[in-house]
Amino acid sequence: MQLADHHAEAERLMTICNACRYCEGLCAVFPAMEMRRSFGAGDLDYLANLCHGCGACYVDCQFSPPHEFEVNVPRTLATVRARSYRDHAWPGFLRSLFDHNGLAISLAAALGVAGFILGFVSWHQPAVLVEAHRDPSSFYALMPHEAMVTLFGTAFLLALVALAMGFRSFWRAAREQIPEPAGGGSLLQALRDAGTLRYLDGGGVGCYNEDERPTDNRRFYHHLTFYGFLLCFAATTSATLMHYLLDMPAPYAWYMPPKVLGTLGGLGLIVGPVGLFLARIRRDPELNDADCSGIDTAFIGMLFGTGLTGILLMLLRQTPAMGIMLALHLGFVLALFVTMPYSKFVHGIYRYAALVLYALERRRLGSKADRS
Amino acid sequence: MGETWDVLVAGGGNAALCAAIAARRAGARVLVVEAAPKFYRGGNTRHTRNMRCAHETATEHLTGPYTEDEFWDDLLRVTQGQTDEDLARYMIAKSSHMLGWIGEQGVRFQPSLGGTLSLGRTNSFFLGGGRAMLNALYLTAEKLGVEVRYDTPITALEIDNGRFRAAILNGTTRIEARSFVAAAGGFEANLEWLKESWGDRAENFLIRGTPYNRGDVLRMLIDAGVEPVGDPTQCHAVAIDARAPKFDGGIITRLDCVVFGIVVNSEARRFYDEGEDFWPKRYAIWGRLVADQPDQIAYILFDAKSLKMFMPSLYPPVTAGSIAELAGKLGLDAARLEATVGDFNGAVRSGSFDHTVLDDCRTEGLNPPKTHWARRIDEAPFYAYPVRPGITFTYLGTRVDRHARVRMANVGPSENMFAAGEIMAGNVLGRGYAAGIGMTIGGVFGRIAGEEAARHAVG
Ligand SMILES: Cc1cc2nc3c(=O)[nH]c(=O)nc-3n(C[C@H](O)[C@H](O)[C@H](O)COP(=O)(O)OP(=O)(O)OC[C@H]3O[C@@H](n4cnc5c(N)ncnc54)[C@H](O)[C@@H]3O)c2cc1C
Ligand code: HEM
Ligand code: SF4
Ligand code: SF4
């Protein structure tokens, strides 16, 4: 089968790397590559999502540009990765949302925010926006709890279905040459590898970003972002549980789980994305695919916006700004949910899938044969 | 006015950086001048993957001990005795400290690469390859305060009676230094020089590594009365894919499939026993073998059975449904090639094929024979790789003593000139090669040269 351009370039590089193998010890991509002689579209999507973009194989490669072989694995795999988000998205007619992703996601956020402001205002008197904070159960004065749950529950479910379909498409393609069934061991191994970002360490010295000095701490900022996100998610879940199971509606005191988790998570979602953003603008442009920078920054922006509006809402909830802040925050959260399947969020899912597949393959790797 | 340094190092590879770091650690002010631009710094070192050092026990990355005696035996065998025993034994003894020392300079290792398990006991592989290794050395040198200038070839040397005074950089800047370390590689990229001893055959050689190793510093030293060592035709040469670029194609153009098929020249005739011994023990003779064939080209032929038995390489093999069609694609005489393959197939005595041992699959009554791994070439599709001599590095160099001090012809050791790496490899390698020894020569003598140069310069 004829490969598309982005896959063809990745295949060219994998053929070179497979003849070279010097980077074998740096990450998971090269050992996985060595287990293959041919590289189909699915294999390449798999390898691309296994790559963490640590940059080590670029600064270590004797054939990177200006060498005539022009080997640039991080950039090529970044391109394939970004395309894999688009190609596996479901339903198909929404794939074009990836083409101008920054615009699409900003629009979603703006629409979300505007929707809530309009909703609050038309539901009540316009004045409610600036006065609701006087009411102890102020959030639900603006929007009844049931309405909130229904809206967000629906959005979340839709997103989940789309994410699951995307995952299915990716999984089927990626395991072209991995017949083994996924089991508990591989799921756990992948959880560890994802949770520690094991392969974002440049083979042990730290990852490369600006130049050949491994000084980067993207892993640290990603941990803040990633765990910040999980904590926020846990905050919402705990609040929902407390509301329904314990009959303890919001607001919560500062020491209650939703507050503690939400505050820590919100801070993570502010500091983490800022760190990732700064690293991104300092990054050697050779390492990035220019086309996917919109996807990346849009996602960073959404997370930052979600975290920032959440923390501001908490700080300002006793003031007249509360109404606007609530609309802002809910707008961001809704947009984040709705756009999940059409944003860089899917990288978490595909990467996890790739790590599971790699854990499966590793067992085979144990019996590495000497061919020469 | 010119500048004055304690130690001036010419080159930018393993030998140069080991010298620079060692000299700087010994207290000297060190300037490194590298002819290549930053990306191509460290010429051939960028292309390496491992180094061979003696060690008493297995380690995290090495599967077993490799004693100094065993190392010496290997060297003696591959060079057929053409080595300076005193110097070689001294290097081997020092090599056992090399892994620790170079690790302290930031270089990291890993177990042997896929497809190279046979080297897993003797050779230490660099994590990320030679360029990663170099990047680590440059970072360390930079932290220590070594100054490095790129795009800065040495174009002339001022040497009085075996004493280094100054070097001219880029034809313009004059630099004085108390000691000089020559670590500027061999002359493999200098086709005119190669032609002096190889004749026009050298036109068809491919240079596997850097185009910057033109031997200018070596030539200047010899012209200034430094005693040469080694034969100008001796070098490390392997058969590489003929489609490789003229320079710098690196490791990925090598082909490891000779033992699985037959090799014919442009007259479609075989010329050497392809199954003489294990490939790692024989690969380094094929460069010279092909260099002796008409037009310096040969073709490795094999069939469908063997396609997946060796490491893949950069270019796909030429493929055909029949031997005659293959001959057409290669520009060989079809009838002649069919006859060669027919004769070979007719002479094959079946045995039990096993490429991991010296098996009993061989030919009978064929000249030259194929003594192991001989299997009939009869299963379409048929494949071929065109190959040419790929020159890795040359052995003619400067004679040195244990202190890496160069010797002046008829005079004795120079007061303040030292050499390390390819530029003096001929002291240890009169001929032949054992994988990983190039980096050992550069590392061990580089470190010694740096220490001695610093001792001379700053006491
Ligand atoms: C493809 C390939 C793979 C190899 N693999 C291995 C391996 O795995 N293990 C191993 O031990 N050996 C290997 N070798 C051999 C090894 O590369 C050399 O033996 C070793 O790197 C030599 O180190 P060096 O510092 O002497 O020379 P180099 O690393 O070549 O450095 C010489 C430097 O001198 C500079 N220079 C040249 N002229 C001037 C001038 N006039 N002024 C200033 N600077 C100058 C050049 O630009 C160059 O950077 C390999 C070689 C090749 C080509
Ligand atoms: C399986 C779980 C995950 C893994 C293995 C993972 C891994 C990575 C890696 C390797 C990168 C850098 C390369 C790239 O830009 O693609 C990255 C980027 C990023 N990740 Fe994750 N991630 C995971 C989940 C998440 C989650 C859940 C979030 C937040 C909700 C998140 C937020 C980000 C952000 C904002 C970036 C952008 C950084 C940039 O563009 O420079 N990740 N992730
Ligand atoms: S990135 Fe370069 S050095 Fe690394 S395996 Fe590929 S070709 Fe070799
Ligand atoms: S960028 Fe890092 S993770 Fe990606 S292939 Fe290269 S070494 Fe592996």
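**Helix pair in chain B**

I first looked up helix 1 (residues 14-25) of chain B and helix 3 (residues 85-104) of chain B, whose axes come within 12 Å and cross at roughly 75°. I keep in mind that this is a predicted model. Angles from 65 to 115 degrees count as roughly perpendicular, and I therefore note helix 1 of chain B and helix 3 of chain B as roughly perpendicular to each other.

I then listed the residues that meet: helix 1 of chain B brings B:Asn14, B:Cys18, B:Ile21, B:Ala22 and B:Arg25, and helix 3 of chain B brings B:Met98, B:Trp101, B:Ile102 and B:Glu104. By class, I find six nonpolar, one polar and two charged residues in this contact.

Which residues come nearest to ligand 2? I noted A:His222, A:Lys344, A:His347, A:Gly348 and A:Arg351, out of the 20 residues around the ligand. Sorting the shell by class, I get nine nonpolar, five polar and six charged residues.

I next checked the polar side-chain atoms that face oxygen atoms of ligand 2. For A:Lys344 I read a distance of 2.7 Å from such an atom to an oxygen atom of the ligand, for A:Arg351 the N or O side-chain atom is 2.7 Å from a ligand oxygen, and for A:Arg280 the distance is 3.1 Å. The elements of chain A that give two or more residues to the shell are helix 11 (218-244), helix 12 (257-282), helix 13 (293-315) and helix 15 (346-365). I marked helix 11 of chain A as the one that gives the most, with five residues.

Definitions and conventions. Residues are numbered from 1 along each chain as its sequence is written. Chains are lettered from A and ligands numbered from 1 in the order in which they are written. This is a predicted model: local features need pLDDT of at least 70, side-chain atom pairs count only at pLDDT 80 or more; totals for chains, interfaces and linings use all residues. Side-chain values use heavy atoms; hydrogens and water are left out. A residue is near a molecule or strand if one of its heavy atoms lies within 4 Å of it. A polar contact is a pair of N or O atoms within 3.5 Å; within protein, one must be able to donate a hydrogen and the other to accept it, and residues adjacent in sequence count only if both atoms are side-chain atoms. Helices (H or I, at least four residues) and strands (E, at least two) are DSSP runs, numbered from the N terminus. Ala, Val, Leu, Ile, Met, Phe, Trp, Tyr, Cys and Pro count as nonpolar, Asp, Glu, Lys and Arg as charged, and the others, Gly among them, as polar. Axes are lines fitted to C-alpha atoms, for helices over the stretch in contact, and angles run from 0 to 180 degrees between N-to-C directions. Angles under 35 degrees count as roughly parallel, over 145 as roughly antiparallel, 65 to 115 as roughly perpendicular and the rest as oblique. Contact means heavy atoms within 4.5 Å.
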